[in-house]
Amino acid sequence: MKSEHTTDVAVWSGKIELSNLQLNVQAINDELTRRAQAAPNLALPIRVVTGHFTSLRVEVPWARITSRPVVVKAGGFEVVVEPYDHLQGVT
């Protein structure tokens, strides 16, 4: 287990690696509903049931942040969705 200090050091070194991250499905579904209400013709007829990443790695070149890219690598992304009408609020 990493301590808060270890995490801080990793962030400032420019390499962050996280594992077993769960998606915030409520936030995703709220955003899908908001977008469906804003543009009904573009509404996605699904809602997220669960989802996760097995790993997420971020590389930040702090010394050259304005000239080098920040790299984000995600591994093991899995999401389960089900049919849903965001405008009617029904499955």
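A: Happy to. Helices (H or I, at least four residues) and strands (E, at least two) are DSSP runs, numbered from the N terminus. This is a predicted model, in which local features need pLDDT of at least 70 and side-chain atom pairs count only at pLDDT 80 or more, while totals for chains, interfaces and linings use all residues. Residues are numbered from 1 along each chain as its sequence is written, and side-chain values use heavy atoms, with hydrogens and water left out.

A salt bridge here is a side-chain nitrogen of Lys or Arg within 4 Å of a carboxyl oxygen of Asp or Glu. By this rule the count comes to four salt bridges.

Let's start in helix H2, which covers residues 25–38. Glu31 and Arg35 pair up there, with their closest N and O atoms 2.7 Å apart. These two residues sit four apart in helix H2, so about one helical turn separates them. Glu31 also meets Arg34 in a salt bridge, at 2.6 Å from N to O. Here the spacing is three residues, which again means about one helical turn between Glu31 and Arg34. Taken together, Glu31, Arg34 and Arg35 are linked in a network of salt bridges.

How open are these side chains? For the wording, buried means under 20% relative accessible area, exposed over 50%, and partly exposed in between (1.4 Å probe, protein chains only). Glu31 has a relative accessible area of 29%, so it is partly exposed. Arg34 counts as partly exposed because its relative accessibility is 45%. Arg35 has a relative accessible area of 52% and is therefore exposed.

The side chains of Glu82 and Arg47 form a salt bridge, with 2.5 Å from N to O. Glu82 belongs to strand S4 (residues 78–83) and Arg47 to strand S2, so this contact ties together parts that are 35 residues apart in sequence. Strand S2 itself spans 46–59. As for accessibility, Glu82 is partly exposed because its value is 26%. Arg47 has a relative accessibility of 26%, so Arg47 counts as partly exposed.
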